[in-house]
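Visitor: Could we go through how the helices pack in this model? Please begin with the terms.

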Amino acid sequence: MSNANEVQALVAAISAPRLSSYRKFFQPQTDEELLGIYRWHEDLCSTFSRNMAWIEIVLRNRFHQALSQRYGTVGAGTSRDWYHHLHLSPHSHDSVRRITHTQSGQPRRPAPAPDDVVAKLTFGFWPALLDVKEDIQGTRLSWGDILIAVVPGHRQKDAAYWRGSAHRDALFARLDLCKDLRNRIAHHEPIWKQGALYEETKPRPRRKVALVAPAPRTPVEALARLQLQHDRVMELLHWLSPEVAHLVKASPGYQHGEQLLLTDTLDAYRQTHL
């Protein structure tokens with residue numbers, strides 16, 4: 001930093017209330033250290049955000065292609081209006097309708113193409129899709145065959161495996177992890193601030209979700225949790241597309257992201273004078 005006035009100006013610009021959680025958890029000795037930690041978090045979010053973008057793109061394309069091959073009358077090939085032919089939840093149905101209809105409830109003219117509809121659906125739409133049980137004719141969805149096409153890089157390639165609701169719930173939990181990370185980054189919330197870690201599943205009636213680890217209490221524990229999340233994000237990307245995962249892991253940005261999760265790197269940011 002060039003001078004104390006500049007340090008104080010930056011702290012004021014970011015705001016003391018926003019920085020208070022950083023100050024309490026990381027215990028910086030000076031405001032310069034505090035700003036270094038804040039910059040570390042911003043760089044880490046940038047790395048995670050790039051990986052989230054890859055997952056969101058590949059995820060929606062996988063679902064779109066797999067479901068278009070089985071449902072839909074508008075469109076062709078791997079781009080059909082399958083979303084009009086599944087018994088979606090009211091919330092998911094409304095998400096589609098906001099894209100296909102005007103605020104007055106009239107169908108948009110011209111009607112948006114299936115590719116355009118899918119591109120505008122939010123990340124949260126896709127985990128919720130796993131709870132759809134049947135099409136509008138009342139026929140049960142063949143999730144076993146569908147999910148083999150959605151996650152071709154997963155080690156389980158037997159349709160019978162994915163017919164089990166527990167296995168779909170584990171996939172839901174992984175997608176939900178990515179959705180939550182994406183949303184925290186988009187809303188500029190600290191991603192190092194974590195709650196307790198539970199097993200990867202979805203809460204259901206009469207199902208107890210096991211506690212795996214308590215909330216991180218130290219920077220070292222927070223880094224370990226972030227590394228676990230980063231590993232799970234990249235594993236999901238591999239399930240969706242081994243080719244894309246390989247491309248991402250070969251990039252300088254990915255390597256930089258891995259370095260950001262080291263204690264030595266965090267300490268270096270603490271000592272870096274901006």
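Guide: A crossing is left-handed if the near helix is turned anticlockwise from the far one by less than a right angle, and right-handed if clockwise. Helices are DSSP runs (H or I, at least four residues), numbered from the N terminus. The model is predicted, and local features need pLDDT of at least 70. Residues are numbered from 1 along each chain.

Visitor: What is the handedness of the crossing of helix 9 and helix 10?

Guide: The crossing of helix 9 and helix 10 is left-handed. Helix 9 packs with helix 10 (residues 219–240) at an angle of about 120°, their axes 10 Å apart; axes are lines fitted to C-alpha atoms over the stretch in contact, and angles run from 0 to 180 degrees between N-to-C directions.

Visitor: Which residues of helix 9 and helix 10 meet?

Guide: L171, R174, L175, L177, C178 and L181 in helix 9 meet Q229, R232, V233, E235, L236 and W239 in helix 10, where contact means heavy atoms within 4.5 Å.

Visitor: And how do helix 3 and helix 9 cross?

Guide: Helix 3 (residues 31–68) and helix 9 (residues 165–186) cross at roughly 130°, and their axes come within 10 Å. This crossing of helix 3 and helix 9 is also left-handed.

Visitor: Changing topic, which residues of helix 4 are buried?

Guide: In helix 4 (residues 90–100), the buried residues are S92, S95, V96, I99 and T100; buried means under 20% relative accessible area and exposed over 50%, with a 1.4 Å probe and protein chains only.

Visitor: Which residues are exposed on the other side of helix 4?

Guide: P90, H91 and R98 are exposed there. The buried residues of helix 4 pack against helix 5 (114–120) and helix 6 (125–129).

Definitions and conventions
This is a predicted model: local features need pLDDT of at least 70, side-chain atom pairs count only at pLDDT 80 or more; totals for chains, interfaces and linings use all residues. Side-chain values use heavy atoms; hydrogens and water are left out. Helices (H or I, at least four residues) and strands (E, at least two) are DSSP runs, numbered from the N terminus.
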